[in-house]
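Subject: Handover of a structure and its findings

Dear colleague,

Please find the structure below. My notes on what was found in it follow.

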Amino acid sequence: MTQTALILLWRAVGLLFFVIGLIGILVPVMPTVPFWLVALWAFGKGHPAWRARLLDHPVYGPPLRTWEEQGAIPRRAKRAAYVGLCGSVLICSLVLHERPIALAMVLVFLGGSALFIASRPEPIVVRTASPQPL
């Protein structure tokens, strides 16, 4: 595969996950930031300018930068993720109640996601000292 084809592939992957993240803004139980983290990674390989635009976004840029710099998830985002996971468990239980193996697989995946989220630290807030008046 040529270098140009690889760059186009990374751009396509980045765009795909960016669009999925956009859908997450509209769908309550679907996250945005995790998909944009994948987009960020792909854009880093295929389009650094788009990566920079994501990091500079006024709303989504700070959690993306926090993840990149600290691997941390803010408490508010953890709570939102747990609510979304609980909603997913409810929906999957209603839809897959007659398919116990499929339901068990989904529940294992969602439980693993919850454990991963719980294992991440909260961001360390770096405060700069403000100059004292003379």
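A search of the whole structure finds two salt bridges, a salt bridge being a side-chain nitrogen of Lys or Arg within 4 Å of a carboxyl oxygen of Asp or Glu. Please note that this is a predicted model, in which local features need pLDDT of at least 70 and side-chain atom pairs count only at pLDDT 80 or more, while totals for chains, interfaces and linings use all residues. Residues are numbered from 1 along each chain as its sequence is written, and side-chain values use heavy atoms, with hydrogens and water left out.

Salt bridges

Because R51 lies in helix α3 and E68 in helix α4, the pair ties together parts that are 17 residues apart in sequence. Helices here are DSSP runs (H or I, at least four residues), numbered from the N terminus. R51 counts as partly exposed, at 24% relative accessibility; the term covers values between buried (under 20% relative accessible area) and exposed (over 50%), with a 1.4 Å probe and protein chains only. E68 is also partly exposed, at 41%.

R75 forms a salt bridge with E122, and here the closest N and O atoms are 2.9 Å apart. R75 lies in helix α5 and E122 in the segment after α6, so this pair ties together parts that are 47 residues apart in sequence. The relative accessible area is 47% for R75, which is partly exposed, and 34% for E122, which is partly exposed.

Pockets

The largest pocket has a volume of about 1100 Å³. On a 1 Å grid over the protein atoms alone, a pocket is an open set of points where a 1.4 Å probe fits, with protein on both sides within 12 Å along at least five of seven lines; lining residues have an atom within 4 Å of a point. A volume is the space filled by probe spheres set on the points. Of the 30 lining residues, P31, V33, P34, A77 and A81 are the closest to the centre of the largest pocket. Helix α5 gives the largest share of this lining, seven residues.

The second largest pocket has a volume of about 170 Å³. Its lining consists of L15, F18, L22, W36, F43, W50, R53, L54 and H57. Two or more of these residues come from each of α1 (3-26), α2 and α3 (48-55).

Yours sincerely
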